[in-house]
Amino acid sequence: MKKIYLVVFYFFTVAGSVFSQTPLSLEEIYKKNAFNQKRFGPIRWMKDSKSYSSIEKNLTLDGHDIVRYEAVSGDRSVIISAEELMPAGVRKPLEVVDYQWSEDNSKLLLFTNTRKVWRYHTRGDYWVLDRENKELKQLGKGLPTASLMFAKFSPDAAKIAYVSEHNIFVESLVSGEITQITEDGGEDIINGTFDWVYEEELGCRDGFRWSPDGEKIAYWRSDTRDIGTFYLINNIDSVYSEPIPLPYPKVGEKLSSVKIGVVSAEGGTTKWFAIPGDPQNNYLARMDFIPNSQEVLIQQLNRPQNRNTVWIGDANTMALTKILEENEETFLDIHDNLIWLDEQQFFTWTSERDGWRHLYKVSRNGDSMTLLTQGDFDVDRVSHIDPEGGYVYYIASPENFTQRYLYRSPINKTGKAERITPVDIPGQHAYQLSGNSQFAIHTYHNAVTPPTISLVELPGHKKLRVLEDNGELKDKYDELGLRPKEFIKVDIGEVAFDAFMIKPSDFDSTKKYPLIIYVYGEPAGSTVQDGWMNGDLWHQYLAQMGYIVMSIDNRGTKTPRGRDWRKSIYGQIGILASRDQYAAAQKILSTYDFIDASRIGIWGWSGGGQMTLNCLFRYPGFYKTGIAVSFVSDQRLYDATYQERYMGLLEDNPTGYFEGSPINHAENLEGNLLIMHGTADDNVHYQSFEMLADRLIKYNKLFSMMVYPMRAHGINERENTSLHLRRTMKNFWLENLAPGGR
């Protein structure tokens, strides 16, 4: 039987023009994925910098080809066909999830059959294709299926090293011999990769490095035995519950004991660097070999994460030399922008020491430091450092904190920042530059434009061809007739915040509408960005129902507004942000007559869920309705690395931890509250949900709750979850915050 759909068209007027509108459907967004964008790649620039490779579907064989494109001419050639990626005795090619070339482009390493480890698919099977003899070989024969992680070529591409079940292996591509070079990895000891908190909060996943001569491997070893174990409970996949142990260091509790060692690629005894300080109260956040040397550079963060000590370690003698120490009164961020220059006599270094995040050139001994990216602006991220061309290319936005553009600055002389992105394409821009900086894969999008991926020639930004324009998605989005986000400033006197507003499609300025504020508010992110964000269709859906939706970036959010802006939140997570959000909301009410002060709602996820609770509990007469998803109710329950970075140590700031935790203000709840959580959330544990529920019950506060069994932090696993969650939220808004203009 065919389903019959009733399609209703709306008409509304904007600036004298009439537009037709097709109503949004939650099923279309979250069930059918009708607004998914197309991607291109992943792309790898070839060694010659004149061509790039990509993965493309081979429809005949239901597999993937690796194709090569010439940058200038656009000529396409299949360099590895899907047929070549078909293992012997198998009638279907390998599914290529990711790939990497050897240094000389003679061999291809393929990642397939992947598994999720916490947030990312970092475990699976690896295969190597030799382009000369067409031999396709699976790595790790004899090891468990889909157990390999972070495989990578030796510098001469004669061997590959990888991790399996917390041990490191080296496999010869000539003889096929597999050598296990660590033996003690297992449940408590992790070699070559990391525990949960290192991955989540320090961005550490791949935990070993080849020496430049291919003779040694340097690696991290983590001893997790003293970390407290948190248990997730699976109650739905068996008649008996299954406890899932998770070593997870909470605020003030013990961390992993981590050290860095060096071992021969042939196997043998590991030698360890004797890095000063308690290994359980310091982080070894970064490590890599210095090019053309037998030395490694190690970055050591202290536990409060306000001091970064940089060491050079000799991989032969294991001697250590301290070359640099970066200090901050509040907290430091770790960056991956370190490139060696001038025959390894200098390196690049990111610092905020002048009040802005900039790139510096530092001498090998740490005695001299030269500012490269000069100006009163933040370097948001470094795109490419080109020693031969003499420039660093980076993303910044000095005038508009909701947008991002490409700039460059010289690295061998003093010079002003030069904008590369043309001024007539406002929004968000990202670039993947070729080795010689002549070409770049350019990705552009804004709030009403899905990502367009093009090949451009630099520095003139000449567009050579469009690789993917998402034209069908753009047409489909435009047909919805939605009102675009309006980006505004909200000035509370001491500071002006960036904000966005989405109005109902049939907006009438003579009427008053309910306001829903979407909040995040923590240092890890920003909500007010002129980017696609999948069309922000959830908020557009709410606007279609008759709500005005706004979001405000309070002080401390991750925007390029300088050190003082970002560090202002130190020691007062949940305190300053909720105060800023309240002050901004009051300013909005006094500015816009069409907002109904009796119908103010707020919602957020993760840190935004915590902020929602703080706003509801601290300003109970103002916010009438709130939804908090996957939230931290007590900051002591979250992981030590994140929370201590922004709040300081618990013994140094007990008042801040108490006042910033919404659970300690739960007795003030007056409005309508819905709390939502997944029971398998390894990030923000379901414990936060249960403790808050228990506290609200203690104070006789009525509230609504929705639990998603065995869903993680994103609450998107298992069938129909995303649609169910959004329908639940929609119904709560409709029942507790009446939509529409009055």
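Is the crossing of helix 6 and helix 7 right-handed or left-handed?

Author: Happy to walk you through it. This is a predicted model, in which local features need pLDDT of at least 70, side-chain atom pairs count only at pLDDT 80 or more, and totals for chains, interfaces and linings use all residues. Residues are numbered from 1 along each chain as its sequence is written, and side-chain values use heavy atoms, with hydrogens and water left out.

The crossing of helix 6 and helix 7 is right-handed; that term applies if the near helix is turned clockwise from the far one by less than a right angle, and left-handed if anticlockwise. Axes here are lines fitted to C-alpha atoms over the stretch in contact, and angles run from 0 to 180 degrees between N-to-C directions.

Which residues do the touching? Helix 6 brings Ala577, Ser578 and Gln581, while helix 7 brings Met611, Asn614, Cys615 and Arg618; contact means heavy atoms within 4.5 Å. By class, three of these residues are nonpolar, three polar and one charged. In that scheme Ala, Val, Leu, Ile, Met, Phe, Trp, Tyr, Cys and Pro are nonpolar, Asp, Glu, Lys and Arg charged, and the others, Gly among them, polar.

One is asparagine 554, in the loop between strand 41 (548-552) and helix 5 (563-567). Asparagine 554 is buried, with a relative accessible area of 0%; buried means under 20%, exposed over 50% and partly exposed in between, using a 1.4 Å probe and protein chains only. Leaving out residues up to four places away in sequence, asparagine 554 touches Phe497, Gly521, Trp565, Ala577, Asp580 and Gln581.

The other is tyrosine 623, which, apart from neighbours within four places in sequence, is in contact with Ile517, Gln581, Tyr582, Ala585, Ile600, Ile602, Cys615, Leu616 and Gly671. Tyr623 and Ile595 have the most contacts inside the largest nonpolar core, which has 87 residues. Such a core is a set of buried Ala, Val, Leu, Ile, Met, Phe, Trp, Tyr and Cys residues joined through side-chain atoms within 4.5 Å. A second, separate core has 37 residues, including Leu24, Phe35, Leu480 and Phe732.

For comparison, take another pair. Helix 4 (residues 537-545) and helix 11 (residues 721-736) pack at about 30°, with axes 12 Å apart. That makes helix 4 roughly parallel to helix 11, and this crossing is right-handed. Helix 4 contributes Trp538, Tyr541, Leu542 and Met545, and helix 11 contributes Arg726, Met729, Lys730, Trp733 and Leu734. Seven of these residues are nonpolar, none polar and two charged.

One last stop leads up to helix 11: asparagine 720 sits in the loop between strand 45 (704-708) and that helix. Asparagine 720 has a positive phi of about 70° although it is not a glycine, and counts as partly exposed at 34% relative accessibility.

Definitions and conventions: Helices (H or I, at least four residues) and strands (E, at least two) are DSSP runs, numbered from the N terminus. Angles under 35 degrees count as roughly parallel, over 145 as roughly antiparallel, 65 to 115 as roughly perpendicular and the rest as oblique.
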